[in-house]
Structures are given as C-alpha cells and as structure tokens.
Amino acid sequence: MALRLTSYEQEMLDGKHGEAKQLAMKIMIKVGEPLGAEEMTEVVSVQAMAHFGSLHIAGRDYLGKLVCMGGECCVPCTQDPASIPFDTWEEMGYDKEYAENQMKLCESVMKLGEYHAWSCTPYVQGSIPRLGQNVAWAESSAVSYANSVFGARTNRTPAGLAICAALTGRIPKFGLYFNENRKAQVKVTVEAGELSDLDYNTIGIVIGKKVGNYIPAIYGIPASATNDNLKYLGACAASSGSVALWHAVGVTPEALYEDPFTGREPLMEFTITREILTDTEKSMCTKNPGEIDLYVTGCPHSSIAEITRLSKLVKGRRVKEGKDMWIFTTAEANNMLKRSGIIQEMENAGVRMMVQTCLVISPLVGDGKYKTLITDSGKNASYLPSEHGIELVYASMEACVNEVTEVM
Ligand code: F3S
C-alpha cells in the first residue's frame with residue numbers, strides 16, 4: 001500500500017524544499033512501504049551515525065552527496081562516537097588515510113548542521129525526549145535508553161535512514177511507534193539479592209540471549225538503580241540479543257503504574273538467580289586469556305559519576321609499566337572533570353581519556369599490540385573478542401583497576 005503523505009511531505013517529495021529533502025523522502029518511502037508503514041510520523045530528535053569504521057567509503061560519499069544537495073538538519077541531530085579520537089589520533093598511531101576519511105565525515109556532519117556530539121549517550125548531552133515523544137535514533141544502546149528509560153519511541157533506525165529523518169523531521173511510522181507494539185511479551189524475575197554495577201550488565205546479557213528481540217518486563221530491579229545501571233542493562237540486552245525496548249516494573253515509565261502486559265499472558269517466563277549471574281560472568285571471559293595488558297571502560301560512554309568513581313579507585317596508584325587504561329567518554333564529561341582537576345590527576349597516573357570515540361568501531365586493537373583486555377562493560381565483552389580477535393576478561397570496575405595499576 002502506498003504511504004499517505006501530508007501536503008508538506010508531498011512538497012518535500014516533489015523537490016519543492018530542495019534536492020536533499022527530496023532524496024531523503026524517496027529513500028524513506030522505499031524503506032517504509034515494504035515494512036507496512038502507512039504514513040510518516042514527526043520526530044523531535046535524531047541520533048545518527050557518521051563513524052568511518054562502519055560507514056566506510058560509501059557512507060562517507062552518501063553524506064558528502066547530501067551536503068552538495070544543500071541538505072540541512074531540521075531537528076536536533078547528534079551522532080554516535082567517531083572511529084578516531086579527534087585530538088589524539090596522530091600520537092596514538094592511527095592510519096592517516098583512515099583518519100582523513102573520518103575527518104571528511106566530520107566535515108559533512110558539521111555542514112549538515114548536526115551537533116558535534118560524537119557519543120552513544122546523547123541523553124547526557126541534552127538530547128532528552130519526553131515520555132511518548134517520537135524520535136529516530138540509531139545505535140542500539142541509545143535506542144534502548146530512549147525507549148525504555150525515557151518512554152520515548154523509536155525503532156532501531158538504520159544509519160542511512162536516520163540522516164533522512166534529520167533532514168525532513170519525519171520517519172515512516174511502524175513498529176515501536178505504535179502503543180500496541182510496546183507491550184511486554186516475556187516475564188523476567190531477578191532474584192539475586194543485592195545487585196552490583198557489574199550485575200546490571202550481566203542481567204542485560206542474560207536477557208538479550210534468552211529473549212532475542214521480544215520485549216521483556218523485568219521484575220526485581222530496585223527503584224534505587226542508577227541511570228548508569230539502566231544504561232548498561234539496556235546496552236547489554238541490545239548487544240547479546242536485539243532488545244530495543246524493555247520495562248523494569250516500578251522503575252521505567254511505561255511500567256511504573258501500569259501492567260506492562262496489559263492483561264495478556266507472557267510468551268515466556270524465567271528467573272535470573274545469583275548462580276546464573278555468576279556462571280554468565282565466567283562464560284564471558286574468553287578461553288585463553290594471557291597476561292592482561294589493557295583495561296577499557298566506557299561502553300556506552302562513561303558518565304561523570306563513573307569517571308569520578310574511577311578517579312577514586314586510581315587515587316594513590318598509577319598504571320603499571322607495559323599496561324594501559326583507557327576511559328571512553330563524551331567531550332562534555334571530560335571538560336567538566338578537567339575543571340575540577342580529576343582528569344589531570346588520572347592522566348598523571350597514566351590513564352588515557354578516549355574522547356568522542358569508541359573501541360568497537362575503531363582499528364585500535366587487534367593489530368597484535370594488545371593480546372588480553374579486561375573490561376567491566378558487558379557490551380565490550382560481547383563484541384571485542386569476535387570483532388577484534390582478542391582475549392578478554394570480564395570483571396568489576398574495582399578488579400579491572402587493580403589489575404592494571406599499582407600503588408605509587
Ligand atoms: Fe558506544 Fe561504541 Fe559501546 S558506540 S555503546 S562505546 S560499542
């Protein structure tokens with residue numbers, strides 16, 4: 001069935017508002033119609049992607065073409081981390097051609113009017129949709145957070161479509177934009193006693209593996225869970241499965257006062273016990289870890305609270321000779337903590353801040369320099385061994401810091 005358009009949308013399709021909007025509308029109709037979309041919906045913000053590690057030359061040229069066509073974002077648009085740290089790529093030995101391709105993407109992003117955000121946590125940079133608002137976000141952990149923690153609405157928007165949404169303020173309406181598609185399908189009960197920060201990652205991993213892309217309702221998450229805890233739970237469920245929306249009963253907005261199943265029977269039920277969490281933690285360490293040479297954290301990007309906690313753990317210690325410790329974060333968190341001297345203290349102890357970038361989509365590891373990583377991020381643990389061919393240990397933040405640092 002042909003997708004119905006408002007008169008303004010038809011004008012965009014007819015080219016009355018420029019070539020870039022016209023191309024964006026054509027692409028969205030081509031994608032939306034086979035998915036059953038009958039109309040477009042307006043969106044209040046977009047999380048796009050412009051990292052060379054995934055977009056490659058084709059993506060670089062696509063964004064460049066939209067610039068030449070006069071494209072300009074008409075809603076606030078942020079984007080995922082870059083594949084290089086803009087300020088330190090040269091000293092860190094990134095390939096020049098690779099870095100230049102990322103810079104070209106950056107140039108296009110700026111010309112299109114996106115914000116210079118480069119993070120998978122746009123919600124700590126001011127992109128905060130309200131309950132029920134429609135957005136078009138890409139990047140699975142950001143999508144999970146928007147849907148579940150804010151109660152905003154988005155599908156897992158592909159990169160090519162996200163920029164079309166930013167140029168037009170529209171997206172084909174299907175899937176999670178509809179109330180009836182947001183009800184819980186699987187009942188998960190957590191009975192594991194007091195939960196540590198690492199547990200929230202592991203709970204996400206267990207859920208993602210079991211439910212795939214169903215919508216779980218989780219019972220047993222305390223109201224005291226921090227935003228960082230929920231960030232990791234969602235990121236891990238999205239990476240070990242493809243969960244785009246979950247409800248934590250009594251915690252997240254669509255399950256705060258209402259039954260997330262709306263009276264329907266769950267398709268599946270299971271309980272996560274302490275034993276399951278312990279076994280899962282062990283299974284996430286690869287089979288042949290050698291001596292650990294690098295600690296990576298900040299997947300999704302570390303918050304101000306997390307870096308402050310890390311700085312307390314590092315205080316009075318320094319990174320051991322021959323080992324490295326990298327914290328991936330936003331420019332905003334890095335700048336704020338510089339003002340209080342925390343970043344300088346950590347850098348003096350040998351810690352490297354990796355600002356506006358991401359290890360998974362960069363070529364930094366896997367070249368033989370690092371053989372065994374340690375991380376407290378379940379999403380890093382899910383992706384890095386398979387995507388970069390390295391050995392990995394998954395452990396708490398305290399254990400990770402102790403592993404790569406020593407008392408001064
Ligand atoms: Fe963010 Fe990269 Fe992890 S985009 S969620 S730091 S894989």
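In these legends, Ala, Val, Leu, Ile, Met, Phe, Trp, Tyr, Cys and Pro count as nonpolar, Asp, Glu, Lys and Arg as charged, and the others, Gly among them, as polar. The model is predicted, so to speak of local features we ask for pLDDT of at least 70, and for side-chain atom pairs pLDDT 80 or more, while totals for chains, interfaces and linings use all residues. Residues are numbered from 1 along each chain as its sequence is written, and side-chain values use heavy atoms, with hydrogens and water left out.

**View 1. The largest pocket and its lining.** The lining of the largest pocket has 11 nonpolar, 8 polar and 4 charged residues. A pocket here is an open set of points on a 1 Å grid over the protein atoms alone, where a 1.4 Å probe fits, with protein on both sides within 12 Å along at least five of seven lines; lining residues have an atom within 4 Å of a point. The space in this pocket is about 370 Å³, and of its 23 lining residues, Glu139, Val360, Ile361, Lys379 and Tyr383 are the closest to its centre. That volume is the space filled by probe spheres set on the points, which are joined across faces, edges and corners. Helix 5 (140-150), strand 10 (294-302) and helix 13 (378-388) each supply at least two lining residues; helices (H or I, at least four residues) and strands (E, at least two) are DSSP runs, numbered from the N terminus.

**View 2. The ligand and its shell.** The ligand takes up the largest pocket, meaning that more than half of its atoms lie within 2 Å of the grid points. Around the ligand, with a heavy atom within 4 Å, are residues including Asp80, Cys120, Ser141, Gly298, Cys358 and Lys379. By class, the shell divides into 6 nonpolar, 2 polar and 3 charged residues, and strand 10 gives the most, with 3 residues.

**View 3. Between two domains.** Domain 1 (7-179) and domain 3 (294-407) both give residues to the shell, so the ligand lies between them. Domain bounds come from an automatic or database domain assignment. The centres of domain 1 and domain 3, taken over C-alpha atoms, are 28 Å apart. Their contact (heavy atoms within 4.5 Å) takes 25 residues from domain 1 and 16 residues from domain 3.

View 4. Cys299 and Pro300 are joined by a cis peptide bond, with omega about 0°, and Pro300 has its place in strand 10. Glu139 is in the loop between strand 4 (136-137) and helix 5, and its phi is near 80°, a positive value in a residue other than glycine.
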